[in-house]
Structures are given as C-alpha cells and as structure tokens.
Amino acid sequence: MSTERPDDELVDGEIDRTPSPRSAIGAVVLAAIATAMLALVSIEGAALAFTGAIVLSVGVRFGRLRIVHAGSLLSVGGLVTAGVTGATPEPLLVAAVCAVLAWDLAETAIELGDRVGGDASTARFESVHAAMILAVGIASAAVGYGLYAATAGGQPTTAVVLLLFGAVIVVSAFR
Amino acid sequence: MRAFDTNRWVGLNGVILLVVGIGIAIRAPALVLVGVVGVGYAAFAAFGDAPEPTLEIDRTLSEDAPDPGDEVDVSLTVRNVGETWLSDMRIVDGVPPGLEATGRPARMAAALAPGEAATVEYTVTAVRGEHTWKDVRIVTRNPSGSRERYVERAVETMVRCIPTFEAGSDLPLRGLTTQYSGRVVTDVGGSGVEFHSTREYRAGDPVKRIDWNRRARTGELSTLELREERAATVVLLVDSREEAYVARNTAGQNAVERSVDAAGQLFTALVGNGDRVGLGAMSPSDCWIAPGAGTAHGVRLREQLGSHQAFASTPSDGKFYWPLWFNRIRRRLRRDAQVVFLTPLSDQTAARTARRLDAHGHLVTIVSPNETGDTSIGSRFARLERELQLMRLRRAGIRVVDWGEEPLRVAIAAAERRWSR
C-alpha cells in the first residue's frame, strides 16, 4: 500500500470551484443541530460549538479546508466541555454524530468543488455519501449506548474504557 | 494505478484519545461514549480499499462535423459493469484542449451500484480543426474516502470542424509571376489592358496595337506596349509556432486562428483569379501543399486549413527548429513563388524569416494580425516592439498589412493606399 499521494490530476482546467452547495448547506445545518443538542445540556459547550459552527460555515463558504478543520475542532471542544460539565450521554452522542457528519459534508463539498465544480451533477453521489456516513455514526452510537446501558448497572466504566482502547489499537493496526 | 491514502481522516485517532482520556480522567461516561462514536468512524475509515472500477464508457455527440461556432452536445455515460459497488467516483471527461465545455462542466461525481449508469451532459462550442477527445479520468474512493485510486479510460471520439472560408479579400500581389496569363499586372510589355510604353514598329506587330495618333502626328509607325497580365505563384505561409499563439484577451480569437481565417479568405480569392496557390506552416508539425490551381486543389487547401494540426487553435506539440525548417521551406519554394506570410510578428524570428525569404528573391507580403493591446505596461511594450519591427520590415521593402480589429479587406485597402504612394 503506497502512502504517497500523487499530484491531483483532476484539478486542472477552468471550472467553477465553489464548494458544492447541497453538501455545504447540509454541513451548516448539521453543525447547527449539534450546537442545539449541546445547548440542551451545557451552555458553555453550546457556546464553543456555536463558534465552531460559525467557523465551519465560513470555511465551507469560501472553500477553505483548514478553516473547516478548525471549526470542527471547536465543535469537539464544545463536546468535551459539555462532557466535563456533566452532560447526559444521549444529547452528547447525537451532537457527536452531527459534528462528524457536518465536518464530512463540508470536506466533501470543498473537495467536490475543487475537482468536479460546484455546478456539476453530484446530487445522487452526495446523498449516498451522506447516508453512509450517517449510518456509520448511528451504528457506532448505538453500539456505544448499548454498552453504556449494559454496564450502567454497577460494572466499572474501566471495562468499557479498556474495550475502547483495544478497539483503537486494532483500528490503528488496520491502517 | 495503485491506490493511495487521502489522509482524510488523519487526526481522528488523536481526537478520540483526547476525548476518551479526558472522559477517564474526570470519570465522565458521556465523553467515553463520544469516543465510541469516534472509534466507529476510525474503523469505517480503515475499512476497504479504493475499488478498481470495471466500467463501460460511452460518449455520443449530437453532431460530429459541425460548422465553427456551432454548439455540440456531448453526453458521456459511465456504466458499472463490475461486481463491486462504486460508492464514490469522480469522473472528468477529456475535453479536447481546443474545445471548452460551456455552461455545465464536463465532470461529475457518481455512486454506482453494479449495473447502474450515470450520464453527464455538456456542451462544447465547435472550433475549426480536428479535435480528438482525451482519456476519461476517473477517481474512485472507498466508502469513507480514506483511500483513493486514479484510473484513465480511453474512449475514441473525434469531431471535425471545417469552415467554409468566405472569399473576397483580394490581396494585391507583387510583380513576381509565372509565364501563365492571369490577373497580376507586370512590368513586362506585351498584350494587356494598361499602357506600358511605346516602341518602334517591328514587322509582324498586330495592327491593333499600332499607335495611330502618333502615326498621324509624325508619320512614324510605332507600337503600343501594354502591361502583360500574368498569373502568380503564391505560397501562403502561416506562422503557428507556440510564440504565435498570442491574443489580446482570452475571449477572442488568437493570432493563429485569425491568420488561418485570413489564409482561407486569401486563397479563395487567389484560386478564383487563376493564381497558383500553395500552403505552408511555420510550425513544429510539418505542413506543406505545393502550389497548384483548380477546384480540386482548392478543396485540398480548404481541408488542410480546416483540419491540419499545424493550424489548430492550440499550439502543436514538439520543438520548432528554425534552421531546419527554413532550409526545408527554401527547397520547397519554387524560384518564381512569392510568399504571403501570415504572422502576428510576436518575436524576431518571424521578421527574420520574412527578410531572409525576401532576400532569396521570393517577394514577401506580410499579413500581420495585430494582437497587442495597451492594457498593461508589458502589452504596451510588446506593441511598441511590434511597431518597430513593422517599420524595419517596411524599410527593407517588404509589404506589410497591419491587420487590427477591422475586417481583412479594410486592412488590405488601407495598406494598398500606402503601397501605391
């Protein structure tokens, strides 16, 4: 498996390189939902996530990947803040899935704009992609919540944590 | 081509560890759960490689022999004939460099289940010449987009766009002619229309040409000499080196396109006048049609002008070696051939070529599309440089038609006034 990424051969010619509008709007909406979810449990976290959503919107509006990353990190900061202030897990899980989806859609919008142009026909692809990412989010959130519900009856959270670290190591070994 | 990492999800593991770490430190199970979501995505990102697509690609054109300026609708259909899901594909059609997709781009993103097809439709505006589509470029990704594969697929499509050149720009030729009768007025006395001189009567001169007025005045017999009209051999030489592809702005035609248009107009008029017309290009790709006359020859010239690579609207590949080219063209030019050189005079080489050819006895007329502007200091400098070159060429006795934005025949008429002074 090669890891070197060659020069992008698709980015040439004169096309409209604005990010794809559908994914871009989706990203902004999802970032807003994540903020709203956090607002249910923690004002501080929601404030951070709101800043993140604004930054992400700016990034996706101007097609700047770095700004999108920065906005997403702020959203993660919001999640962590909410968790630290003792939020209940349910809204936090929904917010996490929405935040990841927002980042993914923003990144997709920018990448599509760069490579095929904002006005190309991409609608079907975008919906398939968003549905896939959403499904993965829901599935992993469900697994996590199931574990949580099962262990909540007195089992130490350490078991969950160790399980998780095992999973991370396995995943890292995959790459 | 092999697949490679896109680094799309890089940093996710770090974020997971951070979130989970904080969650453990402060004993917040909610944060650990957020970490689980992250792990789910990390596993998803590690899952699967970018698929090698098995595709059936089909490209159809609404018209494959359009006139210049016509809009051609192109439709590219990509069908997934393999077994694998292609959940993430970017497809870029290889539109020929001379044509540009107008309106919607010739690109799409698609997600294709086995057996499914996607179509992208776009429009190109036909430009004179022969255009071949290049490979379709495709990028596939795995579902998470963490791995990517780049492939190219060739689909043969060609469009030929040969213009009908309008006739009517009658360029006055110079006095280098063949022995055949034609339209070019020469300095040779004989039979013709225009007065040339008178000379002493010699037995056998036609009675019609005896100067009877003079006979009445002086009693001497003398013969009128009239300017003979002959046909010329003209070689139209188009400068289509890379340097000649200059344009005032990106929207309009470039100098080579204008030169080819002019050559088309000129040859139609010349062939109509019975002159022998040849065609050559000052270009890396060799192009030569020896002078000839007649309808079939006219058709050949038109085909060549319309479709040869040397006259395309984008520069031909390859390197241009002036000495080699010049020797070749010198051998090809017959002694009695005069040259109409179509060049924007964008550098010294064009002017040098004109002077050399003129020195070798092929009277040269330059038709020079002016593509210099005055929008920036650089373009103003280029304009001055070109004007200086025009001046030097004129001083060397070479006729120059400086062709700005007006129609060619107006430019020729203006130049003609200067020549007759």
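B:Asp402 is partly exposed, with a relative accessible area of 28%. Its side chain meets that of B:Arg386 in a salt bridge, 2.9 Å from N to O, and B:Arg386 counts as buried at 3% relative accessibility. The model is predicted.

**Salt bridges**

- The B:Arg386–B:Asp402 pair runs from helix H8 (residues 377-395) to strand S19 (residues 399-403) of chain B, so it ties together parts that are 16 residues apart in sequence.
- Salt bridges with shared partners join A:Glu111, A:Arg115, B:Asp88, B:Arg90, B:Arg141 and B:Glu148 into one network.
- B:Arg8 and A:Asp104 form a salt bridge through their side chains, at 2.8 Å from N to O.
- That pair crosses between chains: B:Arg8 sits in the loop between strand S1 (3-5) and H1 of chain B, and A:Asp104 in helix H4 of chain A.
- B:Arg8 counts as buried at 6% relative accessibility, and A:Asp104 counts as buried at 0%.
- A salt bridge also links B:Glu116 with A:Arg124, where the closest N and O atoms are 2.7 Å apart.
- This pair likewise crosses between chains, from the loop between strand S6 (107-112) and strand S7 (117-125) of chain B to helix H5 of chain A.
- B:Glu116 is partly exposed, with a relative accessible area of 29%; A:Arg124 is partly exposed too, at 42%.

**Nonpolar cores**

- The largest nonpolar core has 52 residues, and those with the most contacts inside it are A:Leu38, A:Val60, A:Val68, A:Leu79, A:Leu92, B:Trp9 and B:Tyr41.
- At least two residues of this core come from each of these helices: H1 (21-41), H2 (43-62), H3 (65-84), H4 (89-115) and H5 (123-151) of chain A, and H1 (12-25) and H2 (29-46) of chain B.
- H4(A) gives the most to this core, with 14 residues.
- Beyond its neighbours within four places in sequence, A:Val60 is in contact with A:Pro19, A:Ala24, A:Val28, A:Val68, A:Ala106, A:Ala109 and A:Ile110.
- Another core, of 36 residues, lies apart from the largest one; among its members are B:Val184, B:Leu236, B:Leu266 and B:Val277.

**Chain A**

- Chain A has six helices and zero strands, in the order α-α-α-α-α-α along the sequence.
- Of the 175 residues in chain A, 45% are buried.
- For contacts in chain A between residues at least 6 apart in sequence, 75% join residues at least 24 apart.
- The accessible surface of chain A is about 8,200 Å², and carbon and sulfur atoms account for 70% of that surface.

**A:Thr122**

- A:Thr122 is found in the loop between H4 and H5 of chain A and counts as buried, at 1% relative accessibility.
- The side chain of A:Thr122 makes a polar contact with the side chain of A:Arg22, at 3.2 Å.
- Leaving aside neighbours within four places in sequence, the residues in contact with A:Thr122 are A:Ser20, A:Arg22, A:Leu112, A:Val116 and B:Ala109.

**Helix H4 of chain B**

- H4(B), residues 255-272, has 18 residues and reaches 26 Å from its first C-alpha to its last, close to the 26 Å expected at 1.5 Å a residue.
- H4(B) is mostly covered, as 14 of its 18 residues are buried.
- At the start of H4(B), a side-chain oxygen of B:Asn254 comes to within 3.1 Å of the backbone nitrogen of B:Val256.
- Just after H4(B), B:Gly274 has a positive phi of about 85°.

How values were computed
Residues numbered from 1 in each chain as written. Chains lettered and ligands numbered in written order. Predicted model: local features only at pLDDT ≥ 70, side-chain atom pairs only at ≥ 80, totals over all residues. Heavy atoms only, no water. Helix = DSSP H or I, 4+ residues; strand = E, 2+ residues; numbered from the N terminus. Buried < 20%, exposed > 50% of the residue type's maximum accessible area, 1.4 Å probe, protein only. Contact = heavy atoms within 4.5 Å. Areas by Shrake-Rupley, 256 points an atom, 1.4 Å probe, with all protein chains shown as cover. Expected span 1.5 Å × (residues − 1). Polar contact = N/O pair within 3.5 Å; in protein donor to acceptor, adjacent residues only side chain to side chain. Core = buried A, V, L, I, M, F, W, Y, C linked by side-chain atoms within 4.5 Å. Salt bridge = Lys/Arg side-chain N within 4 Å of Asp/Glu carboxyl O.
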